[in-house]
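I open my notebook and go through this chain piece by piece.

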Amino acid sequence: MRTVIAGLAAFAALCVAPAFGQGYPNKPIRILIAQAPGSATDVISRVVGNRLSEALGQPIVIEARPGAGGAVGTEAAARSAADGYTLFMGNNSTHGSNPAVYPKLPYDVVKDFTPISFVASVPYVLVVEPSLPASSV
């Protein structure tokens, strides 16, 4: 009797083995951005996306959803399935100034997003015509 039970257990284990899911990722990943193509966020996303694609062995698709100061793309990211196949490249507009400027955003920067990594710092420079006597802000 023990031999029959052991045999059935071994057979059941062999039948279950193919049912295990494949590892992540097993399909393309998209990176949503809330700025226009050609923006600093777009360029940085493409550089990061290329490296991620090489490392993970899956295509990375950059999808630009500009509009409403970044709220359109940010809302699309917030409403995406939380399955790891949609990433969002947030920035100081989408997660910094927008919540302070717009009282009713269709997303919550704290509740709807989980930070993964700091990716880049983009410096900005304020310049004026040399003949203008301004020397500080």
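This is a predicted model: local features need pLDDT of at least 70, side-chain atom pairs count only at pLDDT 80 or more; totals for chains, interfaces and linings use all residues.

Entry: I then listed the aromatic pairs, and the count comes to three. Where do Phe88 and Phe113 lie? Phe88 is in strand E3, while Phe113 is in the segment after helix H4 (92-101). The two are 25 residues apart in sequence, so the pair ties together separate parts of the chain. I also noted a cluster: ring pairs link Phe88, Tyr107 and Phe113.

**Entry: a charge and a ring.** Next I looked up Lys27. Its charged end sits over the ring of Tyr85. The distance to the ring centre is 4.7 Å.

**Entry: the whole chain.** I stepped back for an overview. I counted four helices and three strands. Along the sequence, the pattern reads α-β-α-β-α-β-α. The chain has 137 residues, and 23% of them count as buried.

Entry: I looked up how the strands are arranged. Three strands form an open sheet in the order E2-E1-E3, and the pairing is parallel. Which strands are at the edges? They are E2 and strand E3 (86-88), each of which pairs on one side only. From one strand to the next, the twist averages 25 degrees. My reminder on pairing in general: strands of a sheet pair through backbone hydrogen bonds, either parallel or antiparallel. I then followed E1 to E3, and found that three bridges join them. For Arg30, I noted Thr86 in E3 as the bridge partner.

**Entry: a helix across the sheet.** I looked up H2 against the strands. H2 lies across E1, E2 and E3. It runs at about 165 degrees to E1.

**Entry: Ser45.** Ser45 is in helix H2, which spans residues 40-56. Is Ser45 buried or exposed? Ser45 counts as buried, because its relative accessibility is 0% and the cut-off for buried is under 20%. I then traced its side chain. The side chain of Ser45 reaches the backbone oxygen of Thr41 at 2.7 Å. I also listed contacts, leaving aside neighbours within four places in sequence. Ser45 is in contact with Ile31, Ile33, Ile62 and Met89.

**Entry: helix H3.** How many of the eight residues of H3 are buried? I found six, and noted H3 as mostly covered. The buried residues are Ala71, Gly73, Thr74, Ala76, Ala77 and Ala78. I asked what covers them. The cover includes E1, E3 and H4.

**Entry: Gly73.** I stayed in H3, where Gly73 lies. Gly73 counts as buried, because its relative accessibility is 0%. Which residues does Gly73 touch, not counting those up to four places away in sequence? My list is Leu32, Ile33, Ala34, Arg65 and Phe88.

**Entry: backbone exceptions.** I kept the backbone for the end. Here is the general rule: most residues other than glycine have a negative phi, and most peptide bonds are trans. I looked up two places against it. In the loop between strand E2 (60-64) and helix H3 (71-78), I found Ala68. The phi of Ala68 is near 55 degrees, a positive value in a residue other than glycine. Ala68 is exposed, because its relative accessible area is 52% and exposed means over 50%. The other place is Pro25, in the loop between helix H1 (2-16) and strand E1 (29-33). The peptide bond from Tyr24 to Pro25 is cis. Its omega is near -10 degrees.

Conventions:
Residues are numbered from 1 along each chain as its sequence is written. Side-chain values use heavy atoms; hydrogens and water are left out. Buried means under 20% relative accessible area, exposed over 50%, partly exposed in between (1.4 Å probe, protein chains only). A polar contact is a pair of N or O atoms within 3.5 Å; within protein, one must be able to donate a hydrogen and the other to accept it, and residues adjacent in sequence count only if both atoms are side-chain atoms. Contact means heavy atoms within 4.5 Å. Two strands pair if DSSP finds at least two bridges between them. Axes are lines fitted to C-alpha atoms, for helices over the stretch in contact, and angles run from 0 to 180 degrees between N-to-C directions. Rings of Phe, Tyr and Trp (its six-membered ring) pair if their centres lie within 6.5 Å; planes under 30 degrees apart count as stacked, over 60 as edge-to-face and the rest as tilted. A charge sits over a ring if NZ of Lys or CZ of Arg is within 6 Å of the ring centre and within 35 degrees of the ring normal.
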